[in-house]
Amino acid sequence: MDDNAKESHRLILERRKKLNSLKESGNNYLNNYKGNTSCENIKGLASDSNLIGNDKHSFVVMGRMMSKRIMGRSSFANIKDETGVIQFYIDKKKLSEEVFKIFKDSDIGDIIYIKGFLFKTKTDELTLNCEDFNIVTKSLRPLPEKFHGLADQETKYRKRYLDLICNDNTWKTFNDRFKIIKSIRTFFDSQDFIEVETPMMQKIPGGATARPFVTHHNALDLDLFMRIAPELYLKRLIVGGFEKIYEINRNFRNEGVSSKHNPEFTMIEFYQTYANYEDMMNITENLLKHVVNNVKGGDVVFYQGHEINFGKPFKRVTLKNSILEFSSDIDEALINNKEQIKDFCKTINLDISRYDSLGEIHFAIFEKIVEPNLIDPTFITEYPIEVSPLARVNNDNPLIADRFEFFIMGKEIANGFSELNDPDDQRKRFEDQVKLKDGGNDEAMYFDEDYIEALEYGMPPTAGEGIGIDRLVMILTDSPSIRDVLLFPLMR
């Protein structure tokens, strides 16, 4: 056992002795105390002269002790609740001997009850003059280096509870995350969308090209797949008669972990009948402007040193034109010549050996040289039909889909399209995906006969979209890694 471990063990033993003493006096994990205000509310009274120094008006606060300075008969300490931190003052003469002993034996990290009136110190700091004190939950482990020392990134991910206690920025990030999700829900509710729920365990995974997780239902002796996307079930609901629906959903994809990927993630998918992909782009722009203004209080967001202005119209450009824009080595003649574009791919070290069509090559080039450079909010449209197995083919050009993807800071945030509602076309595309799977592509889609049958009953013209909430939260909270915005990211 090293010196740090020995010291930690010693402190835990000391705290356990104090817990035993509390239990002997009847203070055994108390649950009959309630506060009547919060630290934030108290600070809002800083200019109320009727309350400052008024010992007839008591406040009760519950929270965690975050600092403690004993100076003979007088002591100062801080209490932290969900809303913030406030200082309190202990005068030994004002407390009974028993209560003062409880305070004296208290430790940083304890969950405490304090009752007192407001006053201001000589340095003009708003403070509670404590008239009563108790420990309601004893903290048996000391906070990291008196709560200032939790900086190790892996520890923050593995022990998020400590990260939340010790780091105000982490608390703010997740408070903003929940505000973002609430704002998204409010927006769709205000637009008369209905929130629905679809299965997380499915017989056939669908709605995206991804490798699923496999599980087993013992009672039914049935292999099941964790949901990779809710899309095909949501569109079954459209067939059933719902016209505007959304689901804030958890998805599971058996893929690599990176700063942009976690095997378990949160999305919102939404669908509207008698709409097309252009309507989805308009909804997306209005949604994000609403969320940013609601959560950030303005149009401008700063991410990793970059200013992103959500107040301006979002850029819209086709996939081909984006390649022309970001590569001076490609012109309109070359981009449509399959052999010449293959030669270009060699110059940028892009392996296209598994791609057969020009559209697939264009998409690979886009991901390589364009996507990382899409800093401002940008819609990319006219995706090749080969990489869009669920999207409707364009009326004028059978080589492209009525589809878009939306990017900010080089991150794909959303994917949307006019939905394919032709069951015969959908059947053929599923068959093409099965061929890819048989050829070794474990991310290709399965054939879903029941979904084809649903389409044969008739699905109205519909447009749909999925937005990655985790990546959006990354942008709006200036978080460089997806793990920073997940309370409990997957760790090895």
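**Exercise 1. Find which element gives the largest share of the lining of the second largest pocket, then describe that pocket.**

*Solution.* Let's start with the share itself: α1 supplies eight residues to the lining of the second largest pocket, the largest share. Keep in mind as you work that the model is predicted.

Next, take the size: the volume of this second largest pocket is about 930 Å³. Its lining counts 33 residues, and those closest to the centre are Arg141, Pro142, Leu143, Pro144 and Glu145. Now look at the elements: α1 (3-24), β1 (59-71) and α5 (160-166) are the ones that each give two or more residues to this lining.

Finally, sort the lining by class: 13 residues are nonpolar, seven are polar and 13 are charged.

**Exercise 2. Work out how many cavities of 30 Å³ or more the structure holds, and what lines the largest cavity.**

*Solution.* Begin with the count: there is one cavity of 30 Å³ or more. The space in the largest cavity comes to about 40 Å³.

Then list the residues around it: Leu19, Leu22, Asn27, Tyr29, Ile135, Val136, Thr137 and Lys138 line the largest cavity. Of the elements, β5 has the largest share here, with three residues.

To finish, go through the classes: the lining of the largest cavity has five nonpolar residues, two polar ones and one charged residue.

Note on methods. Residues numbered from 1 in each chain as written. Predicted model: local features only at pLDDT ≥ 70, side-chain atom pairs only at ≥ 80, totals over all residues. Heavy atoms only, no water. 1 Å grid on protein atoms, 1.4 Å probe; cavity = no way out; pocket = protein on both sides within 12 Å on 5 of 7 lines; lining within 4 Å. Points joined across faces, edges and corners; volume = space filled by probe spheres on them. Helix = DSSP H or I, 4+ residues; strand = E, 2+ residues; numbered from the N terminus. Nonpolar A, V, L, I, M, F, W, Y, C, P; charged D, E, K, R; others polar.
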